Amino acid sequence: MGTARRLALGRLVSLSGGSAAYIALVAAIYGETGSALWVSGAIFSSVVASVAAAPFAGWIGDHFDRRRVLIGADMAAAAVSLAMAATATHPSALVVLLGLSSVAQAPFEPASAAALPNVVPEADVPRANALVAATSSAGYLLGPLLGGAVLSVGASPATVFVVDAGTFVFSALLVAAIDHPFGRGSTEENPGALAGLRLIAREPALRVPVLSGMVSLFGVGIVDVASYPLSLNLHGGTTGYGAMTALLGGGGLLGSALAGRALRAESTRVLVAAFATGAAGLALAGAAPVLAIGLAGMALAGAGRGLGDVAALTLIQARAADEVRSRVFAAQDGAAHAAFSVSAFAGGLLVQLAGARGAFATAAAFGVGAALLAGCALAAPRADG
């Protein structure tokens with residue numbers, strides 16, 4: 001587990017830095033333009049770049065040594081962060097660079113997920129996945145808090161971008177220090193950047209967890225939009241909204257931490273239970289008569305989400321052959337970004353038509369749908385790659 005701990009530490013540091021830098025980027029763009037449309041443009045740039053880069057990112061992870069892929073992705077991301085620091089007062093440059101940062105980082109996650117079964121014993125894979133996921137959740141939780149705190153005491157966005165570059169270098173050094181082989185796929189036996197997508201489409205054992213994850217993310221995207229108006233309905237204001245968002249992330253941290261033990265059971269059963277738990281949490285939050293119950297529901301939903309993420313990751317690692325595994329994870333990542341983006345846009349319309357509580361009820365229904373769909377995986381055969 002020592003290797004998993006190093007990978008987890010690297011993700012904690014780099015994701016904390018990246019999340020803090022995102023807060024700094026929003027502050028820099030809004031401070032220069034005073035327009036939320038510019039912020040939306042930056043988010044759109046990042047999402048489109050992530051989806052577009054996913055097939056190529058997966059191909060890189062299966063064509064080259066994965067250790068070098070991880071180091072190269074970190075160093076490329078560090079270079080983009082330094083470019084952000086140099087152009088921190090130019091909103092248009094920041095919008096473009098955020099997209100480039102997404103492209104630079106795109107190979108890391110699929111290559112890392114594909115490599116993990118090669119660097120830890122098979123029996124330790126679920127615990128290693130849980131550890132990396134928990135520290136990643138912690139990074140997403142701590143990063144925005146740190147970014148906001150640093151900016152509030154007078155640090156410039158450019159300074160945060162420089163620190164972010166340093167966190168990527170730190171992650172690269174940790175990966176370089178790991179002495180286990182990370183493995184590499186085979187783009188000759190399984191040619192093409194879309195080989196992972198083709199495998200997912202062909203194999204029910206992969207298709208079901210990927211599709212159920214997309215259905216679940218439709219609900220999460222709706223909740224991201226509906227949480228603020230729900231907080232207003234519950235007289236929580238911006239403080240309540242911040243607490244709801246933090247508990248969704250903090251619950252994910254708890255769910256990831258519990259996954260190592262839970263996954264001693266059959267992973268598909270855990271996946272079903274995770275989606276059902278998330279749906280129950282969203283239903284509770286949407287029906288809450290007071291803010292405290294809404295917060296409890298968000299924490300429960302986050303725990304289900306964190307548990308489900310680790311269960312799906314473990315299932316795909318077991319069912320996708322190493323030769324194409326990075327491209328499978330890249331296809332999953334692209335599908336997840338696309339699902340989340342569509343639902344985030346639809347969430348605003350739902351709030352307008354059905355109110356915040358109706359939007360939460362719809363999100364909970366997506367969670368139930370994900371649980372039912374994941375249940376199909378119980379009978380799915382193992383993919384042969």
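This is a predicted model: local features need pLDDT of at least 70, side-chain atom pairs count only at pLDDT 80 or more; totals for chains, interfaces and linings use all residues.
Arg325 belongs to helix H13, which covers residues 325-375. A polar contact of 3.1 Å joins the side chain of Arg325 to the side chain of Asp322. Leaving out residues up to four places away in sequence, Arg325 touches Asp62, Arg66, Ala113, Ala114, Pro117, Asn118, Gln317 and Ala320.

**View B. The largest cavity.**
Two cavities of 30 Å³ or more turn up when the whole structure is searched. The largest cavity holds about 130 Å³ of space. It is lined by 15 residues, and those closest to its centre are Ser216, Val220, Gly278, Leu282 and Ala301. Four helices each supply at least two residues of this lining: H9 (204-233), H11 (267-287), H12 (291-319) and H13. The largest share comes from H11, with five residues. By residue type, the lining of the largest cavity consists of nine nonpolar residues, five polar residues and one charged residue.

**View C. The second largest cavity.**
About 30 Å³ of space is found in the second largest cavity. Its lining is made up of Arg6, Leu7, Gly10, Arg11, Phe108, Ser171, Leu174, Val175 and Ile178. Helix H1 (2-33) and helix H7 (157-176) are the elements that give two or more residues to this lining. H1 gives the most, with four residues. Five residues of the lining of the second largest cavity are nonpolar, two are polar and two are charged.

The side chain of Asp124 makes a polar contact of 3.2 Å with the side chain of Arg127.

**View E. The buried side of helix H8.**
Helix H8 consists of residues 195-202, and the buried residues in it are Ala195, Gly196, Leu199 and Ile200. Around the axis these residues cover an arc of only 140 degrees, so they lie on the same side of H8. An α-helix has 3.6 residues a turn, so residues three or four places apart point the same way. The buried residues of H8 pack against H9 and H13.

**View F. His235 in the loop between H9 and H10.**
His235 is found in the loop that lies between H9 and helix H10 (237-262). Its phi is positive, at about 60 degrees, although His235 is not a glycine. Most residues other than glycine have a negative phi. The relative accessible area of His235 is 75%, which means that this residue is exposed, as the limit for that term is over 50%.

Terms used:
Residues are numbered from 1 along each chain as its sequence is written. Side-chain values use heavy atoms; hydrogens and water are left out. A polar contact is a pair of N or O atoms within 3.5 Å; within protein, one must be able to donate a hydrogen and the other to accept it, and residues adjacent in sequence count only if both atoms are side-chain atoms. Contact means heavy atoms within 4.5 Å. On a 1 Å grid over the protein atoms alone, a cavity is a set of points where a 1.4 Å probe fits but cannot get out, and a pocket is an open set with protein on both sides within 12 Å along at least five of seven lines; lining residues have an atom within 4 Å of a point. Grid points are joined across faces, edges and corners, and a volume is the space filled by probe spheres set on the points. Ala, Val, Leu, Ile, Met, Phe, Trp, Tyr, Cys and Pro count as nonpolar, Asp, Glu, Lys and Arg as charged, and the others, Gly among them, as polar. Buried means under 20% relative accessible area, exposed over 50%, partly exposed in between (1.4 Å probe, protein chains only). The arc is that of the directions from the helix axis to the C-beta atoms.
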